[in-house]
Amino acid sequence: MASPHKKGWAQLRVGLMAVAALVILGVLIFLLTGTGSLFTQRSVVYTYLSDSAALAPSSPVRINGIVSGKVENVELSGETAPRRIIKVTMEIDSDKLKQIPVDSVAAISAENVLGAKFINIRKGQSRVTIQPGAEVQALDTTDFDEVIQQGSTLLASLQLILKRVDAIVSLVEVGKGSIGKLLVDEELYNRLLAVVAEGQKITKAMSGTQGTIGKLLYTDEIYTDVRGSLQRMDTLLVGLQEGQGTAGKLLKDEAMYTELRGSVTELRTLIADLNAGKGTAGKLLKSEELHDQLRTSMGKI
């Protein structure tokens, strides 16, 4: 039987081990959920906003995108100025304060449209940096709210498009519409198979020497005839270029061109005389007296 002294010592060791386990668990929870080291010294700074935009405590505080602290508290400031309604208390690593010039500005940001909010401090250009307990000027959150609203509108539009696509897919699945019938209708499928079979027959006939197309592709006789016709055509064109034959002389012979031009000129003169009523033929066409005499003579005949 164990003595009371040994029993008490065993209970003490169990208690110490339980306390150590709780301490280790607390440290692990802090390291997993916190934004900095356990022994990092932090300083408090403030900023004021017109709206919290659902910013929550423990949200990260970043300097140009680099995590440098966390939001300690978000509360109503009690002030009436439009841009100082919300007071945000931030804990920032003390060694990071020298990285924040006094003309820096803080704004609410988000990793994406539906992501968690955080405070992002954009560094200014002043050589003077803020001190613990200082206020960081903030940008108006109206623009951020508009971005969120636009993102919500975009998501609603995408949701409407997805509903329409789902409706179209449902119609196709039940065999409605041209595409649905093509996928579901057995008769249309059989017709399509028949067309494919006919196409295969035509392709097979073309691959042989049967038919006009097959002979054109595989028989030398038609090829020889076509080549001969092309050669004769080429010879004819060469003769025309060299001035052979009537057509060639018409194209190349200057004397025949001059005669033809003179004949055209005389023909134009003759037509002009006819239009002017000159000569017997011209009078016959233009003279009213001769027309009446001929008409009288025809009446007597």
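**View 1. I161 sits in helix α2, which covers residues 142-173.** Helices here are DSSP runs of H or I with at least four residues, strands are runs of E with at least two, and both are numbered from the N terminus. This is a predicted model, where local features need pLDDT of at least 70, side-chain atom pairs count only at pLDDT 80 or more, and totals for chains, interfaces and linings use all residues. Residues are numbered from 1 along each chain as its sequence is written, and side-chain values use heavy atoms, leaving out hydrogens and water. I161 is partly exposed, at 47% relative accessible area (buried is under 20%, exposed over 50%, partly exposed in between; 1.4 Å probe, protein chains only).

**View 2. Here's the largest nonpolar core, with 20 residues.** Such a core is a set of buried Ala, Val, Leu, Ile, Met, Phe, Trp, Tyr and Cys residues joined through side-chain atoms within 4.5 Å. V61, V88, M90, I92, I119 and I121 touch the most other members. Strand β4 (86-93) is among the elements giving two or more residues, and β4 gives the most, with 4.

**View 3. Now zoom in on V61 and its contacts.** Contact means heavy atoms within 4.5 Å. Setting aside neighbours within four places in sequence, the partners of V61 include M90, I92, I119 and I121, along with K70 and V71.

**View 4. Helix α8 runs over residues 254-276.** Its 23 residues reach 33 Å from first C-alpha to last, close to the 33 Å expected at 1.5 Å a residue (1.5 Å times one less than the number of residues). Just after α8 comes G277, with a positive phi of about 80°.
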